[in-house]
Amino acid sequence: MLDLKLLRNSPEEVARCLKRRGYEFDLIKWSDLENKRKSLQSDKEGLQAQLNTISKKIGELKRSKQDSSKIEKEATKLTSLIKAKSKKLDTLLQTIKGIVMEMPNMPDQDVPEGQDEKDNLEIRTHGTPPKFNFNPLDHLEIGSLYDGIDMESGAKITGSRFSVLKSDFARLQRSLISFMMDTHVNEHGYKEVYVPYIVNSQSLEGTGQLPKFEEDLFKLEGDQPYYLVPTAEVPVTNLLRDEIIESKNLPIKYVCHTPCFRSEAGSYGKDTKGIMRLHQFEKVELVQAVEEADSEQALEDLTMHAESILKKLELPYRVVSVCSGDLGFAAAKTYDLEAWIPSQDTFREISSCSNFRSFQARRMKARWKNPSSGKVELLNTLNGSGLALSRTLLALVENFQQKDGSISIPDVLRDYFKSDKIS
């Protein structure tokens with residue numbers, strides 16, 4: 001959520017920043033709402049001041065044992081007026097909050113200009129895409145050879161965009177999870193957490209999925225507004241909700257493995273083949289909470305932590321800075337990591353690392369105590385995939401396929417997988 005003080009003091013500046021990402025902030029409507037708010041607040045405060053004066057007078061009359069009935073009637077009228085004004089003001093404030101809750105974050109100044117993913121700026125590349133001396137197969141063809149990726153069973157059990165992994169392919173995913181978690185805990189200093197896979201609406205409001213993106217979520221039926229997690233970002237970041245963190249405990253760095261559930265309502269048939277875009281998939285998620293002064297460096301560090309997994313797996317990849325028009329709702333700046341996918345002859349996103357500044361923390365009331373000033377300040381939150389499992393598995397089997405039909409296992413995975421290949 002954007003800072004209300006900033007919205008009230010510099011609405012034109014907010015509108016200019018949000019226009020970079022294609023969001024039109026209605027300044028006329030905002031000004032009208034703000035004028036009404038100020039008027040109602042002023043009226044309420046004026047009436048309250050009158051009531052305070054009268055209440056003081058009533059006290060004086062009673063102490064001197066004089067008749068206060070007439071002035072008490074006036075106080076009753078003022079109390080009714082104040083209640084009416086308060087009700088109108090509360091309704092208006094809820095309207096304003098509803099508007100602000102659906103406003104996206106403002107992009108950082110160094111975010112490249114652009115409208116969509118075609119305008120994302122390549123920052124660096126690592127590794128060289130493989131050159132095959134045979135006709136390479138895509139991941140579904142490879143999976144079919146080994147009966148390892150079974151889309152038909154996923155569709156039978158649940159529906160389209162669900163999959164079943166079997167035998168070596170299921171073991172490969174389990175190996176990847178253990179490898180990623182161990183790397184982030186032992187080498188990058190993250191604390192491992194295990195969280196619920198079901199969250200309430202407050203948690204989704206805190207990280208920005210609600211109220212705007214409810215159609216992308218799987219909502220559970222029942223007497224509570226529960227949802228399946230779209231990403232571990234939601235439950236893990238909400239560990240900080242309504243908390244005040246001591247400065248000595250910062251930065252906070254959590255790593256978590258969860259399934260993720262997404263309706264993909266806005267994908268419009270994109271990537272419907274195979275395991276590139278599923279309704280249920282696995283991710284290892286990195287979450288950080290830092291002081292504002294450390295926020296920019298934290299994004300660089302978090303991105304490098306995710307990159308290290310790709311380097312260790314020997315997968316060719318590139319890093320792009322996401323342009324203003326392609327930023328996620330809550331993000332101020334994002335780096336996408338894109339792995340090389342041979343069957344598509346292009347790089348595809350395998351991790352998205354974002355700095356949300358104080359946008360999520362303001363919604364969650366996630367704060368820290370600054371020992372220098374003694375004041376309580378908002379945290380800055382960040383997160384990124386380290387990595388998405390189905391896409392990592394896809395990239396591995398396609399990039400490491402061999403002429404004899406086997407799949408070579410990268411060195412760092414062999415102790416986890418207990419073999420150097422799938423054959």
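Predicted model: local features only at pLDDT ≥ 70, side-chain atom pairs only at ≥ 80, totals over all residues.
## Charges and overall build

The mean positions of the 60 positive and 64 negative charges of the protein chain are 9 Å apart. Residues are numbered from 1 along each chain as its sequence is written, and side-chain values use heavy atoms, without hydrogens or water.

The protein chain has 13 helices and 17 strands. These are DSSP runs numbered from the N terminus: helices are H or I with at least four residues, strands E with at least two. The C-alpha trace spans about 105 × 45 × 40 Å along its principal axes. Of the 423 residues, 50% count as buried. Buried means under 20% relative accessible area, exposed over 50%, and partly exposed in between, using a 1.4 Å probe and protein chains only.

## Helix α2

Helix α2 covers residues 11-19. Its buried residues are P11, V14, A15, C17 and L18. Seen down the helix axis, they fall within an arc of 165°, so they line one face of α2. The arc is taken from the directions from the axis to the C-beta atoms. On the other side, E12 and K19 are exposed.

Cover for the buried residues of α2 includes α1 (4-9) and α3 (27-63). Contact here means heavy atoms within 4.5 Å.

## A buried glutamate

E285 lies in strand β9 (residues 280-290). E285 is buried, at a relative accessible area of 2%. Its side chain makes a polar contact of 3.1 Å with that of K283. Such a contact is a pair of N or O atoms within 3.5 Å; within protein, one must be able to donate a hydrogen and the other to accept it, and residues adjacent in sequence count only if both atoms are side-chain atoms.

Leaving out residues up to four places away in sequence, E285 touches several others, among them T231, Y254, C256 and N383.

Most residues other than glycine have a negative phi, and most peptide bonds are trans. A cis peptide bond joins L210 and P211, with omega about 10°. P211 sits in the loop between α8 (201-207) and β6 (226-228). Another cis bond joins G386 and L387, with omega about 20°.

R161 has a positive phi of about 65° and is buried, at 12% relative accessible area. D345 has a positive phi near 55° but counts as exposed, at 57%.

Note on methods: Lys, Arg positive; Asp, Glu negative; His and termini not counted. Charge placed at Lys NZ, Arg CZ, Asp CG, Glu CD.
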